[in-house]
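Colleague: I am new to this structure. Please show me how to read its features, starting with the overall make-up.

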Amino acid sequence: MVPTTIDDRRSREGDLIAVVREFVHELQPKRANAIDISPSSRIERDLGIDSLGRTELILRIERAFRVRLPTQIVGEADTIGDLINALEHAGARPGWARAAQPTTALPPVPAATEAKTLVEVLDWHVAQHPDRLHLTVLQDDTTALGAMTYAELAQSARVVAAGLIRRNVEPGDRIALMLPTSLDFFSAFLGILYAGAVPVPIYPPMRRRGRRGHPRRAQGRRRRVRRHRSIHGNGACGRRGGNARDRRTRPRGVAKARS
């Protein structure tokens, strides 16, 4: 931790609150102006930021201040003041958020205007420019955890789809997907679509005290789904629910394997 002064802390506090205010405005555009944000504001109760929103907020803070915040600290943070303290411990310098520069975008390409589904969009881009970089998963502004072209994403997604079909996943099945933000998540999400099923992302809770009730909330959601399967971080696929099915068709090129 670097030495800090009162002026440094106030500057850091103002920068952080600006980032939070912008994020809250995106989440709740109709209520944002009525929400007062201060160091004592509670992230979930006062600002309405849930587990998924908290993850996105932390990512924005890390990019703005160019630091990496410890997972345990941000997971247990209850107020904006806790996040300010986390930034101080991480050595975030005042003014960095204001000095952050936008990243350089790739040259634009035409949109898949005739496509009606995500699968059709991906297939169109594969046909037009398969080697174009499509996504990059970042740890921070300078560290890339992985990247995929359109062709690589389509290929990995079809592998996932084939595995699901071998496990008797039918068109219209709901597939619960609990994975961290990673290349595997995108492959699994598109793979579920290629199999004709419906992906249902379930984000793992960040806060410890929220983890105990998370399985019960997820179970409640499962009861509302007639036919349900799940993909976990270890790649396992299980089946739950009854026999009722919402019949859909699979995209071309992904057929059920015959024994």
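Modeller: The chain has ten helices and six strands; helices (H or I, at least four residues) and strands (E, at least two) are DSSP runs, numbered from the N terminus. This is a predicted model, where local features need pLDDT of at least 70, side-chain atom pairs count only at pLDDT 80 or more, and totals for chains, interfaces and linings use all residues. Residues are numbered from 1 along each chain as its sequence is written, and side-chain values use heavy atoms, with hydrogens and water left out.

Colleague: In which sense do strand 3 and strand 4 pair?

Modeller: Two strands pair if DSSP finds at least two bridges between them. Here strand 3 (residues 174-177) and strand 4 (residues 198-201) are joined by four bridges in the parallel sense. Leu177 lies opposite Pro201 of strand 4. Between the two strands the chain passes through helix 8 (residues 183-194), and this β-α-β crossover is right-handed: with the strands pointing away from the viewer, the path from the first strand over the helix to the second runs clockwise.

Colleague: Is Ala32 buried or exposed?

Modeller: Buried means under 20% relative accessible area, exposed over 50%, and partly exposed in between (1.4 Å probe, protein chains only). Ala32 has a relative accessible area of 12%, so Ala32 is buried. Its place is the loop between helix 1 (6-27) and helix 2 (51-65). Of the chain's 259 residues, 38% count as buried.

Colleague: Which residues does Ala32 touch?

Modeller: Contact means heavy atoms within 4.5 Å. Leaving aside residues up to four places away in sequence, Ala32 touches Val24 and His25.
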